[in-house]
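Student: Could we go through this model together? I'd like to hear what stands behind the labels.

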Amino acid sequence: HRRSRPCRPLPLAMLAFAATVKQVLSTATTPTVLASIPLVTFDGEKATTHEFVELNDPVMGGRSSGTWSVMPTFGVMDGEVVDVPSLQAPGFIKAAADGAFPDAASASAGALELEVRSTTPQYAGFRVSLAAGAVAPPYSCAGGGSIPLSRGCYKAKFSVPAGDGWHAVSVPFASFSDLWSPATGEHTKECSEDASACLTAKKLSSLQRVELWAEGAVGKVHLELKSVSAVPAAPHPNSTPLLTVSSPAALAAAAAPAAATTASRTATRPPAPFGTCSGAVQKQLRFGISGREQPTVPVPLPATESLAEAVCCDNRTVAYAEPRFLYQA
C-alpha cells in the first residue's frame with residue numbers, strides 16, 4: 001500500500017516509548033527493604049545469645065570499676081569510670097562477647113543498631129566496638145591499631161537518649177575505625193581519611209567480637225542492652241531501577257501485555273478525511289508501536305484508533321513525524 005509519509009516517525013516513536021515506560025512503572029512494586037540482622041540478643045536464640053565478660057582498667061593500673069549482669073531479656077553494664085593515676089586521664093570499663101556472629105555483609109552501607117536504655121544518659125563516653133579480621137580480638141581491642149598486629153577492632157561512639165523506655169540507637173558503619181588511641185579511645189584516623197580503617201562488607205561477614213565501652217569520660221555508668229543488630233541502608237527512592245530497556249526486543253517484551261490485548265481487538269481506521277493508508281498497517285513496528293492499543297499522541301483521536309494506525313495512517317499526526325528521506329540525507 002502507499003502512504004503520504006514514511007511510517008518511521010521518530011517523535012511519535014518516542015511518545016510510544018514513554019507510554020510503555022509509564023505503563024511498566026505504574027505496575028512496579030516498591031523496592032524490597034532488606035531486613036535487619038540480629039547479632040546479639042538475650043532471648044536464648046543460639047545464633048545471637050553470647051556470654052559477655054566484664055573488663056576494667058585496673059589491668060592498666062586504673063581504678064575504674066564495673067560489673068556485667070544478665071536479666072531475663074537484657075544485659076546490664078554498671079559501674080564508674082575514674083582517672084587512671086599514671087595517665088591523669090579517664091580509664092574505662094567494658095563488656096565483651098566473643099563468638100561466631102551472623103553474616104552482616106548486606107548491611108555494610110547501613111548502621112549498627114543498639115536497643116538500649118540508661119539511667120545515666122548524660123554520660124559522654126559510651127562506645128561500641130566490633131572485631132573482624134583480627135589476629136586476636138582481645139589484643140586488637142586493647143591496642144586499637146597502635147601496636148603491631150592490633151588492627152581489626154573497629155570502634156565508634158554513641159549516646160543514649162534520656163527516658164525510661166528502650167531506644168534504638170543507630171551507629172553508622174561508616175563512623176567506625178580500627179585506628180584509635182588505647183589511652184583515650186579517640187580515633188587517630190577516620191574511615192573517611194584512611195580506607196584501610198573502614199568496616200567493610202567483607203569484615204562484617206565474619207565478626208569475631210562485640211564490645212560495649214564506657215571510656216574517656218569520668219562518671220557513673222548504667223547501661224542496659226536488649227539487642228544489637230546490623231541494619232541495611234534504606235533504599236533511595238530514585239536508586240532502584242524499575243525498568244531497563246537495552247534493545248527493541250526488550251521494549252517489545254515490556255509492551256507484550258498491551259499487545260496481547262490488541263490482538264483480540266478489531267482496529268478502526270481513521271475517518272475518510274484523515275486516512276492515508278490503502279492497505280493494512282505493517283506488523284512489528286519498532287518501539288512497541290504495534291502493541292499499543294491507544295493512540296497516545298498529542299492530538300485528539302478516537303480511542304478506537306491504535307497507535308500504529310495513528311502513526312502510519314492518520315494525517316492529523318503529520319506534524320509530529322520526521323521529514324521524508326531524513327535517514328537518506
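**Labels and their cut-offs**

Student: Why is lysine 220 called exposed?

Tutor: Exposed means over 50% relative accessible area, buried under 20%, and partly exposed in between (1.4 Å probe, protein chains only). Lysine 220 has a relative accessible area of 55%, so exposed is the label. Before we go on: this is a predicted model, where local features need pLDDT of at least 70 and side-chain atom pairs count only at pLDDT 80 or more, while totals for chains, interfaces and linings use all residues. Residues are numbered from 1 along each chain as its sequence is written, and side-chain values use heavy atoms, with hydrogens and water left out.

Student: What makes glutamate 80 and lysine 220 a salt bridge?

Tutor: The rule asks for a side-chain nitrogen of Lys or Arg within 4 Å of a carboxyl oxygen of Asp or Glu. Here the N to O distance is 3.4 Å, and the pair passes. Glutamate 80 sits in strand β4 (residues 75–81) and lysine 220 in strand β13 (residues 219–231), 140 residues apart. Strands here are DSSP runs of E, at least two residues, and helices are runs of H or I, at least four, numbered from the N terminus. Glutamate 80, at 31%, is partly exposed.

Student: How many salt bridges does that rule give?

Tutor: The count comes to 11.

Student: How do you know that glutamate 215 and lysine 155 are bridged, and are they buried or exposed?

Tutor: Glutamate 215 is in strand β12 (residues 207–215) and lysine 155 in strand β10 (residues 153–157), so the bridge ties together parts 60 residues apart in sequence. Glutamate 215 has 2% relative accessibility, so it counts as buried. Lysine 155 has 1%, so buried applies there too. Salt bridges with shared partners join Arg127, Lys155, Lys157, Glu186 and Glu215 into one network.

Student: Why do β2 and β10 count as edges of their sheet?

Tutor: That open sheet of five strands runs β2-β7-β12-β9-β10, with antiparallel pairing. β2 (52–56) and β10 each have a single partner strand, so one side of each has no neighbour in the sheet.

Student: What makes β2 and β7 a pair?

Tutor: Two strands pair if DSSP finds at least two bridges between them. β2 and strand β7 (residues 92–98) have five, in the antiparallel sense. Valine 53 stands opposite alanine 96 in β7.
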